[in-house]
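Subject: A structure to look through

Dear colleague,

Here is the structure I promised to pass on, with my notes below it. Please keep it open beside the text, so that you can find each residue as it comes up.

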Amino acid sequence: MMTGLALAAGPVLTQSAPPAPLAAGPLERDLRALVEMFQGDWDNAEQVGFAEELGFPADAPPTRRHVTIRRVEAPGLGPLVLKLDEYRNNDPTDLGRQRFYALAVDADQRAIRMDSFTPPGDRLAPDANLASLTPATLRRNPGCETLWRRSADQFIGWIEDGACSVRTNAGTTLAIGAEIVLSEDQLWMTETVRDTEGRDVTPDEPDAPVQYRRATAFTCWIAVPRQAPQEGWFFARDLTIHDQGGEVWITTDETTPRSFGFGMRNVRWPTGQNADALTLYVHDQRGAPAISYAWANPDATRIGINLRTLQGSCSR
């Protein structure tokens, strides 16, 4: 069961909540930093790509997830509101959850409080008026607020033990726990779901958080020489891709059209001595292995490839 408080099922991370600040004043500054850091596009492509190295069973790999978190104007929910949209399996049409998070300083807790709201039917229409949203128009479970505190250059979020109970449509009560670790380029989310006897209701799922990395956008061009008897080059520009397993595809304007795609990963090896690398893959069939690839330093601002039968470049 996924409640939207966090994005994975499994045990809470062993790290305890950071100590409370000695004064509430720094929390206002931390609130602004948290909202800024949380926003962006996040994807767990590296976790999926290295599932075997990370110890996932072959019959229980992690689900590919992509989330976009943006600040929105929804004054009925609070002055600082974030909207989360998810899709799965590298398919923007495979829609996952949609959530609204209202964040504010909680002086009593000496923490930042994040209230989670779920739209009716789990998703609003694309043209919904967010300014009209209020707590009464959305679902919220009291006690399931996430608390945040800074820990050095990252933020730790958690749900208080025993505070969050959710009643399912079947009439059973579940206890929810969560822990989130947020840094500048990583977002790890873990959720526990237990019944009234303390038993894990998802015992077959791997004991691991969803490990997101921040996705950085690149703009690409691809050029393909046309096949005889046609002449010249087919050229496509302003193609958008991201470096966490993103893909972009083109179809030529030839008499017999051909399709080619770029894939991109900022590969971060979890084991061994291989160097991390920004990697650009060339595909001629969807779902098939790359026919070639090029690599560069992880912080490279441009990467290109020339196979003579195709050439292109991507820049951030």
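Predicted model: local features only at pLDDT ≥ 70, side-chain atom pairs only at ≥ 80, totals over all residues.

The buried residues of helix 1 are L27, D30, L31, L34, V35, M37 and F38, where buried means under 20% relative accessible area, exposed means over 50%, and partly exposed lies in between, with a 1.4 Å probe and protein chains only. They cover an arc of only 160° around the axis, which puts them on the same side of helix 1; the arc is that of the directions from the helix axis to the C-beta atoms. On the other side of helix 1, the residues G25, R29, R32 and E36 are exposed.

Residues are numbered from 1 along each chain as its sequence is written, and side-chain values use heavy atoms, with hydrogens and water left out.

Helices (H or I, at least four residues) and strands (E, at least two) are DSSP runs, numbered from the N terminus. The 14 residues of helix 1 should span 20 Å at 1.5 Å a residue, and its end C-alpha atoms are 21 Å apart, which agrees; the expected span is 1.5 Å times one less than the number of residues. After helix 1 comes G40, whose phi is positive, near 140°.

Where does helix 1 send its residues? Leaving aside residues up to four places away in sequence, L187 touches F38, W42, I69, I180, V181, L182, V210, Q211 and Y212, a contact being heavy atoms within 4.5 Å.

The aromatic rings come next. Rings of Phe, Tyr and Trp (its six-membered ring) pair if their centres lie within 6.5 Å, and planes under 30 degrees apart count as stacked, over 60 as edge-to-face and the rest as tilted. By this rule the count comes to 6 aromatic pairs. One of them joins F38 and W148 edge-to-face, at 5.4 Å centre to centre and with 70° between the planes. F38 lies in helix 1 and W148 in strand 6 (residues 146–151), so the pair ties together parts that are 110 residues apart in sequence. F38 is buried, at a relative accessible area of 1%, and W148 is buried too, at 0%.

The rings of W221 and F235 have their centres 5.5 Å apart and their planes at 15°, so this pair is stacked. W221 is partly exposed, with a relative accessible area of 29%, and F235 is partly exposed at 39%.
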